[in-house]
Amino acid sequence: MFLWKFPCGYAKIVLVCARPERFINDALRCGVPLHNIRRVSKRELTALVRLNGADALYELAHECGAELRIIKTGGAAVLVSSLLSRGALLIGLFSAILLMALLSKRVLLISVDGANGASVRAVRALIEDELRLRTKRIAQLDRELIAARIAEADPSIALASIDFDGVIMRVHLIERTPEPEEDDALPSSIHADRDCVIIRIAAREGRAAVRAGDAVRRGELLISGDLTPEQGGEARFVHARGEIVGEVARRIAVRVEPVCIAPVKGEDRAEVCAIDVFGLRLTSASGFSDSSLELTESSALDAAFIPLRVSKGVAHRLVLGEKRLTHEQMLEEAEAELAAKLLAALPEDALIVSKSTELLWDEDGALLLTATVHTYEKIGFTRYL
């Protein structure tokens with residue numbers, strides 16, 4: 001039924017005549033079959049007919065002296081005809097679809113954060129005025145090249161991270177921290193203060209011992225202050241200086257037991273009443289320092305000139321005891337504890353580049369939530385020679 005009804009278009013008719021069966025047979029002989037015929041009364045019936053056969057059916061009804069009415073039309077032909085009759089709507093719809101297809105793969109909005117106002121304005125001006133990245137295709141943009149141009153344009157920026165969120169280009173900046181006051185007269189080298197993969201290294205004083213992409217361990221030499229030629233000669237030492245950014249991986253886990261010590265309802269209880277007025281609840285004293293209130297009866301005082309509602313219930317004394325947590329409560333507690341541990345473990349200038357979590361339920365019902373976080377951080381500490 002759907003194969004002929006929707007693509008070709010259809011009309012639902014109401015036929016009123018003295019002999020409906022004869023009219024159906026005459027319509028069939030004329031090449032206009034009726035479908036879904038339903039009798040309403042002795043002289044009235046409803047049926048479906050193809051839209052292109054409605055005119056012939058009207059002529060047959062006129063010849064037979066029958067009354068024919070179309071009460072509903074539908075199908076693809078009706079939809080197309082309706083759209084074609086609204087030229088402006090059709091053009092606007094087609095233009096909107098075409099515009100969405102063209103702009104969905106381009107940069108329309110630019111977000112810059114992670115630095116002071118002057119640096120943010122300078123980077124935004126570089127992106128929009130010099131690089132002219134707005135409206136460019138995202139697939140044609142080189143993130144590493146853009147990040148390098150941003151870092152070169154502003155000396156206060158150590159590293160820039162580029163991400164795309166739909167049509168939004170998000171730029172996160174890591175500022176250079178002022179170097180601590182040191183005795184420049186003392187020769188020194190810079191060593192890794194944690195295991196990482198070097199992302200960027202720029203030696204201003206001294207000789208770089210590693211390159212971008214190298215994996216280094218804690219304590220490994222990064223920038224050497226010993227500039228003595230390997231072939232021999234006069235010894236030369238400097239106070240090593242440089243900017244080093246590395247990718248650091250951390251794995252942090254929290255465990256939440258299914259049973260914890262928390263306030264629970266004790267055996268002591270007392271009857272209380274409460275009055276609600278203008279969103280404020282006034283409760284009678286229960287005599288307990290810590291209690292849990294359960295209101296069971298409530299009624300409104302309609303005769304009062306202000307809206308009052310009086311409730312009665314029971315207050316239970318709260319005591320410390322074992323409380324079994326639901327899975328939702330355990331997961332909420334684990335996520336909160338994991339977020340606090342991550343905040344304490346990561347440096348303030350760390351930029352999170354990826355994060356994945358793993359959820360595991362032990363046989364005893366405990367929850368183990370583990371997060372693996374990769375960050376871009378400034379690396380290195382000074383060791384005097």
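What follows covers the core, the salt bridges and the surface patches. The model is a predicted one.

Start inside. The largest nonpolar core holds 20 residues. Which of them have the most contacts inside it? They are Ile127, Ile150, Met169 and Val171. Strand S5 (109-113), helix H6 (117-130) and helix H7 (143-153) each give at least two residues, and so do strand S6 (157-165) and strand S7 (168-175). Helix H6 supplies the largest share, with four residues.

Now turn to charge. Side chains of opposite charge can pair when their charged atoms come close. The count here comes to twelve salt bridges. One of them joins aspartate 165 and arginine 170 through their side chains, at 3.5 Å from N to O. Aspartate 165 counts as partly exposed because its relative accessibility is 44%, between the 20% and 50% cut-offs. Arginine 170 is partly exposed too, with a relative accessible area of 36%.

Next, follow arginine 194. Its salt bridge with aspartate 193 has the closest N and O atoms 3.0 Å apart. Aspartate 193 is partly exposed, at a relative accessible area of 22%. Arginine 194 also forms a salt bridge with glutamate 377, and here the closest N and O atoms are 2.3 Å apart. This pair links distant parts of the chain, 183 residues apart. Glutamate 377 sits in strand S19 (residues 367-378). Arginine 194 sits in the loop between strand S8 (188-191) and strand S9 (196-205). Is glutamate 377 buried or exposed? Glutamate 377 has a relative accessible area of 1%, so it counts as buried, the cut-off being under 20%. Shared partners extend the picture: salt bridges join Asp193, Arg194, Arg250 and Glu377 into one network.

Finish on the surface. Glu332, Glu333, Glu335 and Glu337 gather there in a patch of negative charge. Glutamate 335 belongs to helix H8 (residues 327-345). With 45% relative accessibility, glutamate 335 counts as partly exposed.

Leucine 102 lies in helix H5 (residues 87-103). At 47% relative accessibility, leucine 102 counts as partly exposed.

Conventions:
Residues numbered from 1 in each chain as written. Predicted model: local features only at pLDDT ≥ 70, side-chain atom pairs only at ≥ 80, totals over all residues. Heavy atoms only, no water. Patch = residues over 30% accessible without salt bridge, like charges linked within 9 Å, V, L, I, M, F, W, Y side chains within 5 Å. Areas by Shrake-Rupley, 256 points an atom, 1.4 Å probe, with all protein chains shown as cover. Salt bridge = Lys/Arg side-chain N within 4 Å of Asp/Glu carboxyl O. Lys, Arg positive; Asp, Glu negative; His and termini not counted. Charge placed at Lys NZ, Arg CZ, Asp CG, Glu CD. Buried < 20%, exposed > 50% of the residue type's maximum accessible area, 1.4 Å probe, protein only. Core = buried A, V, L, I, M, F, W, Y, C linked by side-chain atoms within 4.5 Å.
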